[in-house]
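Hi,

Here is the structure I promised to pass on.

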Amino acid sequence: MQHYLNYIDGQWRDASRRLTVMNPGTGEPYATIAQAGIEDADLAMAAARRCVDSGALTEVRPAIRTGWLLKAAEAIRAIADDGALVACRENGKSLNDARDEFLEAARYFEYYAGMADKIEGISVPLGKDYVDFTQYVPFGVSVQIVPWNFPVSICARSLAPALAAGNAVVIKSPEISPLAMTLLVRAVEQAGFPQGAVNLLCGKGSEVGSHLVKHQDTNQIVFTGSVPTGQRILRDSAERATPSVMELGGKSAAIALADLDLDTLLASVKVGIFFNAGQVCSAMSRLLVHRSRYDEVKAAVVALAEGLSIGQGEGNPDLTPVVSADQQQRVLAMVEQARAEGARVLTGGTAPDLSGYFVAPTVIEATPDMTIAREEVFGPVLVLMPFDDEDEAVALANGTDFGLVAGVFGEGLSQTLRLANRLRGGQVFINEWFAGGIETPFGGVGLSGFGREKGQEAIYSYVQTRNIGIRLSNR
């Protein structure tokens, strides 16, 4: 069984404890990784602080950081096939999706390489006796806590702009699926960043994650994950008023209007809720359908779900396992709770007779007051509800504490745009779920968090404004 290490201060280090990583497709152990502790976290933080204080990352000409980022992108592309196999086996996702995740990670480094030398301040006019200008300066040490569903791409999503802006980074990987991230960091290591600029720890969130959040050298926190964990981090970070970027959960709704194109909708349903077994913060977890089309859409969605292929990731099926036995049981328990509350399970809601942690693609009819319609499932579970008019559709879509993404499906541009402008969320899709890319800002409101990742806007999450005012004359 292969053993993986942590990366601290430019060296790959073992630890006295080990974590076992399971293969969700088989339910069997796959590999082990060094389990970082408090001492390892302190070493990583000290290395990052030395890197910042030395100026080796922050004081170089920005074009040099551009070069490092481009070299990292090239190295990531070179290991995409090897990394995909590791990600597939530790996380359960399909081999094609795992490869795409590495290629997306490379794109983040390419994209933010193009911004590293364009983080420009402004001149502020104060009259002839003054010169006043602003600078964007890095926070210093950025602590980044990465989730288990897309560890490679989400790590790159935060790591690339942080480095582009001149921050040193300490990454806490998810203990469930930390292995592919070590390949990502090995690729970044080849780019020539200064020692201590990137550090990678795999440890328990309650131990290492909590310690990093409270650490006196932490200048910024970037977290993607569950609402309860995010709330704990915010409470802990408040002690030192540490700036944070929070991308939390979602219960996102798609509104299907009377003039929807059924094929367009079904294509988005397939990717929106069944991609990565529904383990996506921005998944289409609710589908609100105009009553005139409800029965037609319901039948088509059920047929879609029942026609999906299910299997281990290496075979690139339509539906892969969820990440762990605990996650499988959590999803199934929420379906059973929905039944108890009176929801109607149209298909799925069971564990297929396969080795590994599978949940059958599930479609449920529910009412807005039911738990399944309000809380995040993080599994391949779609909730269907009808509506009669626009106001009702908007009220249903906005009727949760979340606000990550939303969607509208219909042929009339005027109506779809009107609805999009009324929906609560950081991103709204029209006629294609997940429309956009690394170039489009992403983040939520409400319990879905705050701050923005991706796009040009994200670079400004990793800098703070400094104003310098100069009086030229004493007269």
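K118 and D117 form a salt bridge, with their closest N and O atoms 2.9 Å apart. Keep in mind that this is a predicted model, so no experiment stands behind that distance. K118 is partly exposed at 47% relative accessible area, and D117 is also partly exposed, at 36%.

Another pair is K172 with E175, where the N to O distance is 2.9 Å. K172 counts as buried, since its relative accessibility is 4% and the cut-off for buried is under 20%. E175 is partly exposed at 24%. There is also a network: R77, R107, E110 and E439 are joined by salt bridges that share partners.

Then there is R49, which makes a salt bridge to D217 at 3.5 Å between the closest N and O atoms. That one ties together distant parts of the chain, 168 residues apart: R49 is in helix α1 (residues 38–54), while D217 is in the loop between α7 (205–214) and β10 (220–224). R49 is buried, with 17% relative accessible area. The total comes to 21 salt bridges.

**The sheet**

You'll find an open sheet of 7 strands with mixed pairing, in the order β14-β15-β16-β13-β12-β17-β18. β14 (344–347) and β18 (427–430) are the edge strands; each has a single partner, so one side of each has no neighbour in the sheet. From one strand to the next, the twist averages 25°. Inside the sheet, β12 (residues 252–256) runs parallel to β13 (residues 284–290), and the two share 5 bridges. A256 has V289 in β13 as its bridge partner. Helix α9 (residues 262–274) packs on this sheet and touches β12, β13, β15 (362–365), β16 (381–387) and β17 (405–409), with its direction at about 155° to that of β13.

**Around β5**

Strand β5 (residues 28–34) has 5 of its 7 residues buried, so the rest of the structure largely encloses it. β4 (residues 18–23) pairs with β5 in the antiparallel sense through 6 bridges, and R18 is partnered with A34. Those two strands make a hairpin with 4 residues between them, and G27 in the turn has a positive phi of about 75°. β1 (residues 3–4) runs parallel to β5, joined by 2 bridges, with Y4 opposite I33.

**From the record**

An unreviewed UniProt entry puts the feature "domain: Aldehyde dehydrogenase" at residues 12–467. In the model, that span is 38% helix and 20% strand, and its end C-alpha atoms lie 40 Å apart.

Cheers

Definitions and conventions: Residues are numbered from 1 along each chain as its sequence is written. This is a predicted model: local features need pLDDT of at least 70, side-chain atom pairs count only at pLDDT 80 or more; totals for chains, interfaces and linings use all residues. Side-chain values use heavy atoms; hydrogens and water are left out. UniProt positions are given in the numbering used here, feature names are shortened, and annotations may be inferred rather than shown by experiment. Two strands pair if DSSP finds at least two bridges between them. Axes are lines fitted to C-alpha atoms, for helices over the stretch in contact, and angles run from 0 to 180 degrees between N-to-C directions. Contact means heavy atoms within 4.5 Å. Buried means under 20% relative accessible area, exposed over 50%, partly exposed in between (1.4 Å probe, protein chains only). A salt bridge is a side-chain nitrogen of Lys or Arg within 4 Å of a carboxyl oxygen of Asp or Glu.
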